[in-house]
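Please look over the structure below.

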Amino acid sequence: TILNAGKGGETTYTGITRLRTILVGDYTSYLACNNTDEHNGTRADFVLIMEGANDIIAGISPSTVKFNLEIMINETRAAFVTPILATITANTRDGFGGCNGPIIGPYNQAIRDLAREKNVLLADQCNATDSTWSSLSCDGLHPNLLGDQRLVATWLSILPPDPEHLKGDIDGDGHVDLVDVVSGLRTASGQSLTTRQGADVNCDRRVGLPEALYGLRQTAELP
C-alpha cells in the first residue's frame with residue numbers, strides 16, 4: 001500500500017514537523033485521496049522524501065534544504081523506517097529552467113551529495129524527467145498523468161523488491177551490517193517497539209537481541 005501524504009506548498013522546514021506525525025502513523029488531514037481511518041496507526045516501511053521545489057520558489061538556499069533533508073533522514077531512521085530521497089524536477093513555469101540548470105541544479109547536487117553521504121537510496125527524478133519535461137508536466141511545475149507515471153516508475157526502480165530482504169536492517173539504511181548488530185544489542189535491554197516488518201525478524205514487533213544475532217549472521221555470511 002502506498003499512501004500519498006504529500007502537502008502542496010510545503011517547504012523542507014515545515015516538512016520536518018509534519019514528518020514526525022507521519023512516522024508515528026498519524027495521517028489525519030494529510031491524505032486527500034485515502035481513507036485516514038483505515039490507515040491511521042499503521043507505520044511505514046519506507047518514507048519517500050521529495051521536497052525542495054517550494055524552497056527554491058521561496059529563495060531558501062541549497063545548504064538549508066540539505067540541512068533540513070538530513071534531519072528528515074535522521075528522524076526517519078530513528079523511527080526504524082527507511083528513508084528514500086528524490087531529486088527535484090524542472091520548473092519552467094517560474095522560469096527556473098531544467099532541473100540540472102543553474103537555478104535548480106545546485107539544489108539537486110546538494111540532494112545527490114546528501115544521499116551519498118548518508119548512504120540513502122536516491123530516486124533521481126530529475127534525470128528521469130528532464131529531457132521530456134514539457135510532455136510530462138501540465139503547467140511547467142507539476143506533473144501530468146504521464147509525469148506521475150514516470151515518477152512512480154522511477155520510485156519503483158530503486159525500491160528493494162521485497163521488505164523481507166531488509167530483515168535486521170535496524171537503522172534503516174538499506175543494509176544489514178555491524179551498525180545494526182550494535183543497535184540491536186543496545187536496544188535489547190529496553191526492547192524498542194517497532195512495526196517495521198523489515199527490521200523485525202521474529203514478528204514480535206520489537207527490535208532487540210534476535211535482530212542483533214540475525215545481523216551478526218548476515219554480516220558473517222552464516223546460514
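The model is predicted.

**Nonpolar core.** The largest nonpolar core has 23 residues. Among these, Leu69 and Leu85 touch the most other members. Leaving out residues up to four places away in sequence, Leu69 touches Thr12, Ile49, Glu51, Leu85, Ile111 and Leu114.

**Gly52.** This residue sits in the loop between S1 and helix H3 (53–58). With residues up to four places away in sequence left out, Gly52 touches Thr12, Val65 and Ile88. Gly52 and Ile104 are 52 residues apart in sequence, yet their C-alpha atoms are 9.6 Å apart in space.

**Arg77.** Arg77 belongs to helix H4. Its side chain reaches the backbone oxygen of Asn119 at 3.0 Å.

Are Gly52 and Arg77 buried or exposed? The cut-off for buried is under 20% relative accessible area. Both residues count as buried because their values fall under that cut-off.

| Residue | Relative accessibility | Class |
|---|---|---|
| Gly52 | 2% | buried |
| Arg77 | 15% | buried |

**Helix H9.** Which residues of helix H9 (residues 178–188) are buried? They are Asp180, Val181, Gly184 and Thr187. These residues lie on the same side of H9, because they cover an arc of only 140 degrees around the axis. An α-helix has 3.6 residues a turn, so residues three or four places apart point the same way.

How values were computed:
Residues are numbered from 1 along each chain as its sequence is written. This is a predicted model: local features need pLDDT of at least 70, side-chain atom pairs count only at pLDDT 80 or more; totals for chains, interfaces and linings use all residues. Side-chain values use heavy atoms; hydrogens and water are left out. A nonpolar core is a set of buried Ala, Val, Leu, Ile, Met, Phe, Trp, Tyr and Cys residues joined through side-chain atoms within 4.5 Å. Buried means under 20% relative accessible area, exposed over 50%, partly exposed in between (1.4 Å probe, protein chains only). Contact means heavy atoms within 4.5 Å. Helices (H or I, at least four residues) and strands (E, at least two) are DSSP runs, numbered from the N terminus. A polar contact is a pair of N or O atoms within 3.5 Å; within protein, one must be able to donate a hydrogen and the other to accept it, and residues adjacent in sequence count only if both atoms are side-chain atoms. The arc is that of the directions from the helix axis to the C-beta atoms.
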